[in-house]
2 protein chains.
Amino acid sequence: MNTHSITAAAIDSFSNTDDPRLKEILGSLVKHLHAFAMDVKLTEPEWFRGIEFLTAVGQKCTDKRQEFILLSDVLGLSMLTVAMNNDQADGCTESTVFGPFYVEEAPHYEHGADISNGASGQACMVQGSVKNISGHPIPHATIDVWQADDEGFYDVQKDDLDHAQARGVLHSRADGSFNFKTIVAEAYPIPMDGPVGTMLSATQRSPWRPAHLHFMIRAEGYETLITHVFKQGDAYLQTDPVFGVRDSLIADWVTGTDGLTTLNFDFVLNAEK
Amino acid sequence: MNTHSITAAAIDSFSNTDDPRLKEILGSLVKHLHAFAMDVKLTEPEWFRGIEFLTAVGQKCTDKRQEFILLSDVLGLSMLTVAMNNDQADGCTESTVFGPFYVEEAPHYEHGADISNGASGQACMVQGSVKNISGHPIPHATIDVWQADDEGFYDVQKDDLDHAQARGVLHSRADGSFNFKTIVAEAYPIPMDGPVGTMLSATQRSPWRPAHLHFMIRAEGYETLITHVFKQGDAYLQTDPVFGVRDSLIADWVTGTDGLTTLNFDFVLNAEK
């Protein structure tokens, strides 16, 4: 028995697995996990520190906080998974990470409504359209939008808040257009009071996510689009800790001579395969 | 930005890490974790199932139970780490996994004492010696021994037990010898009521560890030996879920004509480098 035979034995231990996909995933996981340990010649104290770290990550999770998603995000695994599974045609809007702050039952709004619903921040208008790759409007697309307030917190992070703020659902008009009021997105640090924050500190990494609005857009006959719109000029666009920024998703929040700030963004959905 | 550039960006995010070893480990971890996800083309629902699984593993841990060590054990990572870090000279006793049931402050016993201390099982004698590779006795070596009872439980797994059972510390005599009374080791299943047990069930893997006695032997000038002695003829020697069995660690518990059962085992320590 040597290091290679241990890896072979661990992979072989899954050989009776009924589900072929589960067998494939676990076999590959063992292969790569062992290759990692051998590449760095992991010591016993380092192995134990890893055990302690993963345990702390699990124990930080609650029904409102998912520290393992945060870990996956800062290791680039979440964005890699998004990129592998969303191979859109050129010209379609790119996908990015979902993040941990989506809520299924957000309030529905009419066009023009103020979805901030009391969240603190600088008022702005958001308007745009949902189209297909040929430029045809997609009517009645379901548009989910959510964002943090100007202190960097989503509504679900506030224990004393009993209603949705800065999130809502709209449906595109017959011409594919939509518009709503909200607050200007601002940069914010990911939660630093858990083991993932400790790791970012120990590795001198920035916790600041560049300002962004989350969108999920669904329409019959099209692939669901999960993405962000990022803010042009944000200081953290090059150092997003979750690797979510795509150049095509950066847009201007423009303040006009009337003092009103407006974001325009047009989404292009990929047809279902 | 594509899948390869995401991996490069995630590795590069650790480039300012002060501690060169931490930087090496995290960079390698990202490389192998991403290679795993790409090899199996991990889907988004599979990624989320993995997040849920790891969260459950962390949340199963308490001050008396370490489900992440159990996960590392059944994936072969623990044994691989032991093998990489204990490269003994030929003729020395082989190492195996530490396991989660060692206790620092176990009771000290004189030679011949009954360390079972009330644990249920068939009585037996254990005797042997501690020597170096040249056959010279190692006197006053600290011998830690611990084991499960005949129902498969270690003392620390019993909530209503307030004293040590089937564990103790002895010191080898001037001629390197030792002996004590205890109970015969029996096979037992690893804990199946957590997420690791669910994984073993889903993959049709046996949870049964072959019968074994744990030993940790320490002596000045020698590498600490952490190992098991396994029982010849045990039905589970070929399917140990933690990959801990080594042929050289299998021994006979011999029952004589007088009805007494005895295990003889001689340990050979590796000189400190």
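The model is a predicted one: local features need pLDDT of at least 70, side-chain atom pairs count only at pLDDT 80 or more, and totals for chains, interfaces and linings use all residues. Residues are numbered from 1 along each chain as its sequence is written, while chains are lettered from A and ligands numbered from 1 in the order in which they are written.

The C-alpha trace of chain A spans about 75 × 40 × 35 Å along its principal axes. Of the 273 residues in chain A, 41% are buried. Here a residue is buried if 20 or more other C-beta atoms lie within 10 Å of its own, exposed if 12 or fewer, and partly exposed in between, with C-beta atoms placed from the backbone. Two residues are in contact if their C-beta atoms, placed from the backbone, lie within 7 Å. Take the contacts in chain A between residues at least 6 apart in sequence, and 71% of them join residues at least 24 apart.

Now for the meeting of the two chains. Chain A puts 59 residues into the contact, and chain B puts in 59 residues. On the side of chain A that touches chain B, the elements giving two or more residues are α1 (3-12), α2, α3, α4 (67-74) and α5 of chain A. The largest share of that side, 15 residues, comes from α2(A). By class, the side of chain A that touches chain B has 32 nonpolar, 19 polar and eight charged residues. In this scheme Ala, Val, Leu, Ile, Met, Phe, Trp, Tyr, Cys and Pro count as nonpolar, Asp, Glu, Lys and Arg as charged, and the others, Gly among them, as polar.

Two packed helices are described by the angle between their axes and the distance between the axes. Axes are lines fitted to C-alpha atoms, for helices over the stretch in contact, and angles run from 0 to 180 degrees between N-to-C directions. Angles under 35 degrees count as roughly parallel, over 145 as roughly antiparallel, 65 to 115 as roughly perpendicular and the rest as oblique. In this pair, Leu33(A), His34(A), Ala37(A) and Met38(A) of α2(A) meet Leu77(B), Leu80(B), Thr81(B) and Met84(B) of α5(B). Sorted by class, that contact has six nonpolar, two polar and no charged residues.

Seven of the nine residues of α5(B) are buried, so α5(B) is largely enclosed by the rest of the structure. The buried ones are Leu77(B), Ser78(B), Met79(B), Leu80(B), Thr81(B), Val82(B) and Ala83(B). Their cover includes α1, α2 and α3 of chain A together with α4 (67-74) of chain B.

Within chain A, α3(A) and α4(A) give another helix pair, with axes that come within 7 Å and cross at roughly 125°. α3(A) and α4(A) are therefore oblique to each other. Val57(A), Gly58(A) and Lys60(A) in α3(A) meet Glu67(A), Phe68(A) and Leu71(A) in α4(A).

Back in chain B, helix α2 (residues 20-39) has 20 residues and reaches 28 Å from its first C-alpha to its last, close to the 28 Å expected at 1.5 Å a residue. That expected span is 1.5 Å times one less than the number of residues. Buried residues of α2(B) include Ile25(B), Leu29(B), Leu33(B) and Phe36(B). Among the elements covering the buried residues of α2(B) are α2 (20-39), α3 (44-60) and α5 (77-85) of chain A.

Most residues other than glycine have a negative phi. Lys41(B), in the loop between α2 and α3 of chain B, has a positive phi, near 45°. Lys41(B) is exposed, with 11 other C-beta atoms within 10 Å. His140(B) also has a positive phi, near 55°, and is found in the loop between β1 (123-132) and β2 (142-146) of chain B. With 12 other C-beta atoms within 10 Å, His140(B) is exposed.

Notes. Helices (H or I, at least four residues) and strands (E, at least two) are DSSP runs, numbered from the N terminus.
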